[in-house]
Amino acid sequence: MIERRASCRCGQLTATVTGEPVRTSVCHCLHCKKRSGSAFATQARWPLDRVVVSGAERSWTKHNDSGTSATFRFCPECGSDIAYVLSSDPEVLAMPVGAFDDPFFAQPVYSVFEDRKHPWVAILGEQVDHLD
């Protein structure tokens with residue numbers, strides 16, 4: 001079975017996942033832009049039972065206007081996000097693709113909040129569903 005490792009920037013907090021992600025997506029919402037510090041964020045999701053997180057961590061919960069929330073897990077030393085859980089899908093852990101030692105495995109299947117996508121960004125691929 002495939003195993004991949006992700007870590008925070010200082011390497012203190014790590015996560016190991018097994019198997020392929022159940023979803024890989026690109027998000028253009030303002031919260032993901034702020035979280036990633038970029039024009040969009042790319043994340044992959046695994047069932048909780050296929051993820052092992054090691055090291056000290058802290059968490060912070062963002063409550064959305066829709067009534068849902070996201071709980072972010074991050075390193076208390078360097079502040080890097082390593083994962084988050086959505087209240088709408090609590091059995092799945094989402095992880096920033098950039099946190100992986102080899103981030104080139106992930107090709108998005110969904111591009112969401114495209115109504116907020118920068119006009120100079122193009123998410124390419126025949127397999128990508130483009131959602132507003």
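This is a predicted model: local features need pLDDT of at least 70, side-chain atom pairs count only at pLDDT 80 or more; totals for chains, interfaces and linings use all residues.
Is Glu20 buried, partly exposed or exposed, and what is its relative accessibility? At 41%, Glu20 counts as partly exposed. The structure holds three salt bridges, and a search of the whole thing turns up one cavity of 30 Å³ or more.

**Salt bridges**
- Glu20 pairs with Arg4, with the closest N and O atoms 3.7 Å apart. That ties the loop between strands S2 and S3 to strand S1, 16 residues apart.
- Asp101 bridges to Arg5 at 3.0 Å between the closest N and O atoms. Arg5 is partly exposed, at 37%.
- Glu57 and Arg73 meet at 2.7 Å, N to O, joining the loop between S5 and S6 to strand S7. Glu57 is partly exposed at 32%, and so is Arg73 at 21%.

- Glu114 sits in the loop between S10 and S11.
- Glu114 is buried but has no salt bridge; Lys117, the nearest side chain of opposite charge, is 5.4 Å away.
- Leaving out residues up to four places away in sequence, Glu114 touches His28, His130, Leu131 and Asp132.

**The cavity**
- The largest cavity holds about 40 Å³ of space.
- Its lining is made up of Arg45, Tyr84, Val85, Leu86, Asp89, Val92 and Ala94.
- Strand S8 gives the largest share, three residues.
- By class, that lining has five nonpolar, two charged and no polar residues.

Definitions and conventions: Residues are numbered from 1 along each chain as its sequence is written. Side-chain values use heavy atoms; hydrogens and water are left out. On a 1 Å grid over the protein atoms alone, a cavity is a set of points where a 1.4 Å probe fits but cannot get out, and a pocket is an open set with protein on both sides within 12 Å along at least five of seven lines; lining residues have an atom within 4 Å of a point. Grid points are joined across faces, edges and corners, and a volume is the space filled by probe spheres set on the points. Helices (H or I, at least four residues) and strands (E, at least two) are DSSP runs, numbered from the N terminus. Ala, Val, Leu, Ile, Met, Phe, Trp, Tyr, Cys and Pro count as nonpolar, Asp, Glu, Lys and Arg as charged, and the others, Gly among them, as polar. Buried means under 20% relative accessible area, exposed over 50%, partly exposed in between (1.4 Å probe, protein chains only). Lys and Arg count as positive and Asp and Glu as negative; His and the chain ends are not counted. A salt bridge is a side-chain nitrogen of Lys or Arg within 4 Å of a carboxyl oxygen of Asp or Glu. Contact means heavy atoms within 4.5 Å.
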